[in-house]
Amino acid sequence: MHQHFLLNKPYGYLSQFISNDKKEKNKKFLGELYDFPLKIMAVGRLELKSEGLLLLTTDGQLSSRITSSSVEKEYYVQVNGDITQDAIINLREGVAIGFAGKKYITKSCRVE
């Protein structure tokens, strides 16, 4: 039987449970917050410097379905400073981000 959890990920935690990477030895992981069952995984992720609701599950098929592009996601964010019309246009068209030393362009999206 699969288990599911809702977790308010605190600021400063990685959206993973453990790491074997020596560069991450001083980082905080979700596994430190609670005694989760084996094979638990976060459905999606939140950045280290963010906080918010995460769905956790032991069901890999459920995780794959939810994270697929066939399921629409909605995000609410709080930012510092003013949001310009140019920033909104850039978000709608896709912005460049970096992850693990690689550059990516986000998918286009609806921005309000």
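The second largest pocket is lined by L14, S15, Q16, E24, R45, L46, E47, L48, K49, F99 and A100. A pocket is here an open set of points on a 1 Å grid over the protein atoms alone, where a 1.4 Å probe fits, with protein on both sides within 12 Å along at least five of seven lines; lining residues have an atom within 4 Å of a point. The structure is a predicted model, in which local features need pLDDT of at least 70 and side-chain atom pairs count only at pLDDT 80 or more, whereas totals for chains, interfaces and linings use all residues. Residues are numbered from 1 along each chain as its sequence is written, and side-chain values use heavy atoms, with hydrogens and water left out.

The second largest pocket holds about 200 Å³ of space, a volume being the space filled by probe spheres set on grid points that are joined across faces, edges and corners. Its lining comprises five nonpolar, two polar and four charged residues. In this classification, Ala, Val, Leu, Ile, Met, Phe, Trp, Tyr, Cys and Pro count as nonpolar, Asp, Glu, Lys and Arg as charged, and the others, Gly among them, as polar.

The largest pocket has a volume of about 2600 Å³. It is lined by 41 residues, of which K73, E74, Y75, Y76 and V77 are the closest to its centre. The lining divides into 21 nonpolar, ten polar and ten charged residues. At least two lining residues come from each of β5 (52–57), α1 (60–67), α2 (85–93), β6 (96–99) and β7 (102–105), and β5 gives the most, with four. Helices (H or I, at least four residues) and strands (E, at least two) are DSSP runs, numbered from the N terminus.

E74 is located in the loop between α1 and α2. This residue is exposed, with a relative accessible area of 55%; buried denotes under 20% relative accessible area, exposed over 50%, and partly exposed the range in between (1.4 Å probe, protein chains only). The side chain of E74 forms a polar contact of 2.5 Å with the side chain of Y76. A polar contact is a pair of N or O atoms within 3.5 Å; within protein, one must be able to donate a hydrogen and the other to accept it, and residues adjacent in sequence count only if both atoms are side-chain atoms.

T57, in strand β5, is buried, with a relative accessible area of 0%. A polar atom of the T57 side chain lies 3.5 Å from the backbone oxygen of Q3. Apart from neighbours within four places in sequence, T57 is in contact (heavy atoms within 4.5 Å) with Q3, H4, K39, I40, M41, V43, L62 and S63.

H2 belongs to the segment before β1 (4–9) and is partly exposed, with a relative accessible area of 42%. Beyond its neighbours within four places in sequence, H2 is in contact with T58 and D59. A polar atom of the H2 side chain lies 3.1 Å from the backbone oxygen of T58, and the H2 side chain reaches the backbone nitrogen of D59 at 3.5 Å.

The largest nonpolar core consists of ten residues: L7, Y13, F17, L30, F36, I40, A42, L46, L54 and L56. Such a core is a set of buried Ala, Val, Leu, Ile, Met, Phe, Trp, Tyr and Cys residues joined through side-chain atoms within 4.5 Å. With neighbours within four places in sequence set aside, L7 is in contact with L30, L33, G52, L53, L54 and L56.
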